[in-house]
Amino acid sequence: MYKLDLPVDLKEASVRERRKNAELQRQNRVFDSKVRIIGVDKAALDAQVNDCNILKQNEKQRHELYAKQMVQNDQIACLLDERQKEDVIHFNKAIADFQKCFQKRENRREFDLYDPQALKKELPARTSDKDPRCTVSGVQRLLGEDLTQNDRQKLQQEQLREWSLQQQRELEKAKADKKCADELYDKTRIELDQRAMELQRMEEETRRLVCMNTKEFNMAQAMESSEKKRIEKLQSEEDNAVEISNLLQGDLLSENPEQATSAFGPHRVISDRWKGMNEEQLMDITFTQKQQVLERMRLEEEERQRAADWDRQRVQAARAMVLIERQQKRQEKELRKAQDHLNMQLSQAHKEQKEYLNKEVYCNAPTEEYFSQFNKSSR
């Protein structure tokens, strides 16, 4: 009897399913006319191109990360190398200090056997006046005796000599510093004077150009004003001449009797055309003309007064400009003095910083041994 309820083999089932899917995909490719005519799988190619771009981008990012990590590792290696060098220097210095302080020849246990100064180091019979071994019966100490006089005098002479040499060195150093400072001050002062002369020359050139332009502008304005006045005067004279000619040739002054003739009869006249005047009207006209002449003279006097005021204001402005220029020169002089003092202070600070760097910071110069320890490995 056959067993029909056998367990399913998963591996075999997956193989069959994969073959089935492959057959379905092949059928789709075969029966698709576009894919069959083109002959390639464009979607697969696009996917491959996309995958290739992604791989290139990932490779680029990985290289950038590697480069950053290499730079960081190089910096860490440099720091560790410097720290190791500093540790070696400190360690050697500590060893030297220890040997200098605690491993002297005098500290050896058997040094007293071969000490060349053993006899000199032995305690004499009498060291000083306060030696407790000097008893009264030994007559080794007398009143007023000074055993250390020679040594004390030698020490005092040596101390005076050292003081004198130190004073000489300090004096020479002060003279050298003063000479250097004076040279730097002179050089700075010459540069500042040259700069000030250049600025003054530029300022004078600018002021000369401004004055020249102002003068030309004023002359142009004056010529324009005079030309305008001349044209106005000519126009006024022409207008007056035309007006006088019209008045002389007109019916008003010619007193044409025909203009006053009325249309209603010869015995009647037109009042607005009548030329007859009395003495009072004539005097009134003369008075009005005199008033016009006086008014014209008054206007001309006001014009002359205005021109005089303008000239006075221009003179006052020029005087104020001269005062401002003098004040500016005084300020420039004070600024130059302050600049000289500041430059002197900066020079002194720079000199002190340079001495500090030369004596304190850059005291250990690198040797050939320091440079020969690099570039020995292929890494």
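Let's start with E198. At 32% relative accessibility, E198 counts as partly exposed. This is a predicted model, by the way. The partner to look at is R201. The side chains of E198 and R201 form a salt bridge, 2.5 Å from N to O. Where do R201 and E198 sit relative to each other in helix α5? They are three residues apart in that helix, residues 149-249, so about one helical turn separates them. R201 is partly exposed as well, at 47% relative accessibility.

Now a second pair, in helix α7. R298 and E302 meet through their side chains in a salt bridge, at 2.4 Å, N to O. These two are four residues apart in helix α7, so again the separation is about one helical turn. R298 has a relative accessible area of 38%, which means partly exposed. E302 is partly exposed too, at 34%.

Next, R161 and E162. Their side chains make a salt bridge of 3.5 Å, N to O. R161 is partly exposed, at 42% relative accessible area. E162 is partly exposed, at 34%.

How many salt bridges does the structure hold? The count is 21. Some link up: E203, R207, E325 and K329 are joined in a network of salt bridges. As background, side chains of opposite charge can pair when their charged atoms come close.

Now a charged residue without such a partner. D340 is in helix α7. D340 is buried, yet has no salt bridge. Which side chain of opposite charge is nearest to D340? That is R336, 6.3 Å away. What does D340 touch, leaving aside neighbours within four places in sequence? Y185 and L192.

Stay in helix α7 for M344. M344 is partly exposed, at 44% relative accessibility. Its C-alpha atom is 7.5 Å from that of A181. Along the chain, M344 and A181 are 163 residues apart.

One more stop on helix α7, residues 279-361: L294. With V293 and M297, L294 makes a nonpolar surface patch of about 300 Å².

Definitions and conventions:
Residues numbered from 1 in each chain as written. Predicted model: local features only at pLDDT ≥ 70, side-chain atom pairs only at ≥ 80, totals over all residues. Heavy atoms only, no water. Patch = residues over 30% accessible without salt bridge, like charges linked within 9 Å, V, L, I, M, F, W, Y side chains within 5 Å. Areas by Shrake-Rupley, 256 points an atom, 1.4 Å probe, with all protein chains shown as cover. Salt bridge = Lys/Arg side-chain N within 4 Å of Asp/Glu carboxyl O. Buried < 20%, exposed > 50% of the residue type's maximum accessible area, 1.4 Å probe, protein only. Lys, Arg positive; Asp, Glu negative; His and termini not counted. Contact = heavy atoms within 4.5 Å.
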